[in-house]
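Here is a short walk through a structure. Keep the sequence and the 3D view side by side as you read.

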Amino acid sequence: MDTQTTTETFSLAQELKPKRPYLTPFNVITAPVILLGVVLIVMRFALGLGSVTNLSQDFPWGLWIGFDVLVGIAFAGGSYVISFMYYILGKKVYHPIVRVTVLNGFLSYSFYAGALVLDLGRPWNAFNFLIGNEFGVASVMFMVAWHFFLYTLLLLVEFVPAIAEWIGARRLWRAVNWVNLVAVVLGITIALGHQSGVGGLFLLAKAKIHPLWYSPLIPLLFLVSSMFAGLCMVIFEGSITSRAFRARLSDEMGSTHDTIVISLAKVCTGIMAVYLVLKIFDLLRGNTWSLLSTPFGAWYLLEVIGFVVIPGALFFSGARKQSLSVIKTAAVMAMIGIFINRFNFVFIAYNWTEPVRYYPSWMEIVVTLTVIFTELWVYRWAINRMPVISERPRWARAHEHDRDNDNRSQAV
Amino acid sequence: MNRRTFLKTMGIGSGILLGARPRIIHASGPLPDSATVLVDTTRCIGCRLCEEACAQANSLPEPDLSDLTVFDRKRSTSETAFTVVNRYMAGDAEIHVKTQCMHCSDAACVSSCLVNALKKEKEGPISWHTNCMGCRYCMVACPFEMPKFEYHSAAPRIRKCTFCYATRLVNGQKPACVEACPMEALSFGTRSEMLQEAKGRIANAPGTYVNHIYGEHEVGGTSWLYLSAVPFDQIGFRTDLGTTPYPVLTKGYLKTVHGIDLIVPPVLFGLAYLSRRKRDND
């Protein structure tokens with residue numbers, strides 16, 4: 001049962017080596033894409049963004065901001081929602097997935113917010129907002145950038161216990177465990193700021209975003225949609241991870257997977273209902289319902305009915321019937337809805353009167369796939385080594401048990 | 001969690017969050033003595049000498065003034081042309097309109113920049129600085145779509161009309177385009193002088209002008225003002241931008257985030273405490 005007793009004999013050289021054969025279907029597909037992507041990234045830095053992307057003066061943001069940053073960050077929203085339900089509300093049912101969600105969040109932020117650097121024209125200045133050259137305090141981008149940075153650090157703090165268990169660093173484990181709740185609380189707070197903030201960026205694009213999407217409520221809509229987007233990703237990623245890494249699954253993880261998915265479906269139903277109410281309220285508030293009969297109106301209805309109402313209803317019925325396949329379908333549909341919604345803000349409903357439209361180039365798509373695949377390689381590497389979905393070392397479990405008892409006596 | 005840890009946590013938490021807390025700059029409205037150009041579109045003949053002077057003053061590729069096909073379609077400014085003149089037909093009349101950065105009094109681009117690379121100089125012009133990260137948020141924010149980006153450079157800059165600030169204005173000279181205009185379609189002075197001049201022209205020839213100075217109130221006021229014989233939407237201007245300065249659009253939201261950063265941590269600690277106590281009692 002306890003597969004991690006070998007942590008005492010941790011060897012970095014050993015851990016860096018691949019644990020499985022090189023020629024897996026996943027490797028065969030992803031490795032060439034990553035290699036091509038690296039070439040394109042070199043080209044992009046040598047010759048400028050125009051050599052690789054279809055960006056223009058009218059469409060300064062495209063697939064990289066739309067997917068890597070906006071969609072990626074929304075999908076990483078699971079880390080703050082699960083942390084909230086587990087640590088703050090004390091929903092113990094989520095215990096098995098807290099760690100894998102935090103790992104996912106950390107990698108998403110590192111890679112997707114990190115991919116922002118590829119999109120920066122002057123990446124050597126990327127840290128100016130941190131070092132005070134200069135602080136653009138009136139900018140939503142400034143707030144988002146700081147929140148991204150701090151949140152990534154906080155997720156790392158939340159994940160350090162897993163690293164400590166992997167390398168057998170008990171002192172580090174104890175030190176970090178002490179600050180864990182602090183990291184969780186600050187992390188959730190900061191997540192509220194930047195999940196809404198990536199929407200808040202578009203408050204300034206009032207003259208450009210189609211009135212069906214432009215609204216003073218954009219930050220709130222982005223925040224609420226990040227909650228269900230994140231949970232859908234947890235469901236989606238969980239069903240893949242539990243299949244791909246079946247051998248690594250702890251007993252607890254394996255036996256509770258279905259229960260967790262069903263309770264997540266219930267939570268998603270609730271959040272999507274709130275989101276829908278906000279969308280309807282927004283339509284009435286902006287008095288934009290008359291635009292629904294235009295082509296953009298049809299596109300808007302497809303987004304809201306096809307990819308919010310229907311998946312919301314599927315979550316509801318999936319949770320009632322306890323049907324995992326219905327729930328997974330709902331999760332995938334809701335995730336497609338997030339793609340559509342975020343892309344609308346960046347280039348579909350953005351500058352909607354402009355006759356010449358933006359489409360991502362094949363090179364932008366390859367670089368995006370490179371970012372995703374590289375993240376998956378790192379994810380696989382971590383899952384195969386650290387106690388994320390697998391059984392944790394006995395000492396850590398025993399210590400956590402003691403700590404809980406301590407807290408209990410202090411709290412009462 | 002006990003009380004000591006709780007208080008300590010709160011201290012650290014609010015310290016971090018307050019440290020990163022932006023200070024909101026308050027709009028003071030257009031300054032009456034900021035540098036301003038008045039464009040009288042009824043005087044402009046479309047000679048494009050302003051384009052040529054601009055290219056020379058900013059070391060940009062010089063336009064071919066004899067090429068009249070440029071008027072066949074509406075042009076935008078670009079990273080190599082900071083000002084362009086477009087021709088509009090209003091009835092039988094040809095109307096020429098020079099466009100460039102409007103140098104807004106309380107500008108979207110300035111408030112959008114996370115490193116203050118776009119700065120409002122005290123004399124009025126908005127200039128770009130090299131600490132720019134190249135995120136292009138200013139391009140998303142600008143309602144006039146004036147910041148342009150060098151997509152084919154490894155060290156790209158944001159390019160737009162500089163108001164000839166560093167090269168001419170600080171030496172007491174007019175912008176190059178104003179000096180080049182043979183028709184006095186461009187006048188340079190302080191904002192209050194130019195507004196007075198514009199109002200005088202409208203009052204003296206009410207049949208010539210529509211009673212509107214574009215830029216007096218649009219997006220909170222701009223440093224380039226326009227007079228026209230026909231309604232502005234007929235000569236390529238957006239008349240749906242409103243009079244609210246753009247930074248106001250994000251101000252309330254940013255304040256809300258500061259509120260969240262202060263109020264949410266204690267609430268979460270409280271909830272965590274309650275849920276733990278509940279679990280212990282069960």
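Predicted model: local features only at pLDDT ≥ 70, side-chain atom pairs only at ≥ 80, totals over all residues.

Residues are numbered from 1 along each chain as its sequence is written, while chains are lettered from A and ligands numbered from 1 in the order in which they are written.

Start where the chains meet. Chain A brings 56 residues to the contact, and chain B brings 63 residues. Two residues are in contact if their C-beta atoms, placed from the backbone, lie within 7 Å. On the side of chain A that touches chain B, helices that each supply at least two residues include H2 (25-47), H8 (140-167) and H15 (394-411). H9(A) gives the most, with 10 residues. Helices here are DSSP runs (H or I, at least four residues), numbered from the N terminus.

Now turn to chain B. Its domain assignment gives domain 1 (3-25 + 249-281) and domain 2 (35-246). Such bounds come from an automatic or database domain assignment. The centres of these two domains of chain B, taken over C-alpha atoms, are 45 Å apart.

Finally, find Gly286(A). It sits in the loop between helix H11 (251-285) and helix H12 (295-321) of chain A. Is Gly286(A) buried, exposed or partly exposed? Gly286(A) is partly exposed, because 16 other C-beta atoms lie within 10 Å. A residue is buried at 20 or more such atoms, exposed at 12 or fewer, and partly exposed in between, with C-beta atoms placed from the backbone. Leaving out residues up to four places away in sequence, Gly286(A) touches Pro211(A) and Ser215(A).
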